[in-house]
Amino acid sequence: MKAFFLPSPASTAASPSDFQHRDSDSSDGFEYQHMPVTAAPDEQTLSAAKLPMLRPKAVLKLALGLILLVASTLVCATLWHPNMPQQPRIWNPDLRVEFSTEPLAKSVIRKFDGYNMARGGRDDPVTFWANVQQYMTPDLVYESVGFGTWQTPQGWAQGEEHKYGMTFPETVFTQMLFFGDQQVATTTTYGSALWKGNFMGMRAPQQWVNLRITDFYSMREESPGYARIHYNFMMIDWVDALRQVECRMLPPAPLQEGLVLPPAANDGVPAPLSVLVQAQARNASKAQAVAEAALQHDWAGNSNVAAGWWNNLTFYGPGGIGVARTLESYHEHVLRPFRASFVNRTATVDLSTCEGNYCGLFGRFSGQGIRKWLGLPTTGRSITFRFAMHYRVVAGKVQEGWAIFDFPGLFTEVGLDFWALAASGGRL
């Protein structure tokens, strides 16, 4: 927000030359006129005897002139006041030429995110909605973990823009992955956020936390080359966020918790750069086959070997699971406990997208509980909960993976109120 600084009329600390220097350096467009010091009148000459007598007609003309001057000043101030709503202006993203060849869905999100980052909270409501409607369909469905499910762009603003902003009024986002195709785009991000507002019955801890966040977007192409978002799913790793404020919802993981990094590859941040993927002709179809096979093998299959991964893999699991850095630790601490806890496991993909050798899969895990998992009472229960997976594929195998699970939804499946437990200080 542009600030206007005007010298105080009561200040005598600066000389006229100082004010003239400030005026020349300012960028607010205002100029000030100053009375020369030599023009200051001698008080001795302003005696009543030497002042001219004004006639009634002259006084009337002078009064009318003053009224017109004041009226014109007020009109100008109203027309040029910086806070007055103006005609809606459509924001020009002015994207770099390197982004001009991005897939359609990715391009829409880049422009939409660019508008929110550049103008969020600064435009008047008329301008804000005129711009939002460039990117969202009127029948938009917005689903989130924590901020509710809403319909229409107004619902999205109420859920994400308002509720998130009230809870985390200061956030610096670091996007790690951002890719897409013609219809679907996805991101995975961490936000360094000040948790300053009460949320879901929890008192604000008044401290900075790292939020792991993922989004999946589905587009509706309304004409060739023009699409808008008609579905958006957003999920935060709440177990990990609450762990940072001493509110444990799951037992401590045997693996390191709280760490998430961008890809260990020179593919740009966020990865991948579309121009790089296109120049190197990276095959998205082959990467998708590898990613989908790894998902089904790992979470729905029964083999003791995670054949779709390299031995020196990195898997950034959610809070309660942690980071695996070898194939052995991935199998021992990530897959084996899940497989031992559920039978009749399935992994259903609802949205997927791949760009080059990067793939994102969003869907639902289901299974029949036969023992506890992560300390939760899953025994004897049929459960379904949402997942978001991202993969980087190298030479036919997965090298890195990022995962966030809908643990609040899983708590509901086993008869627990995640948010009430969090508000009471945690489950453990």
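Residues are described here as buried when their relative accessible area is under 20%, as exposed when it is over 50%, and as partly exposed in between, with a 1.4 Å probe and protein chains only. The structure is a predicted model, in which local features need pLDDT of at least 70 and side-chain atom pairs count only at pLDDT 80 or more, whereas totals for chains, interfaces and linings use all residues. Residues are numbered from 1 along each chain as its sequence is written, and side-chain values use heavy atoms, with hydrogens and water left out.

Most residues other than glycine have a negative phi, and most peptide bonds are trans. Against this background, Thr 152 has a positive phi, near 75°, although the residue is not glycine. Thr 152 belongs to helix H5, which comprises residues 152-167, where helices are DSSP runs of H or I with at least four residues and strands are runs of E with at least two, both numbered from the N terminus. With a relative accessible area of 28%, Thr 152 is partly exposed.

A positive phi is also found at Gln 206, another residue other than glycine, where the value is near 55°. Gln 206 is placed in the loop that links strand S4 (184-195) to strand S5 (207-223), and its relative accessibility of 49% makes this residue partly exposed.

The bond from Val 269 to Pro 270 is cis, with omega near 0°. Pro 272 is likewise situated in the loop between H6 and H7, and the peptide bond that leads from Ala 271 to Pro 272 is cis, with omega near -5°.
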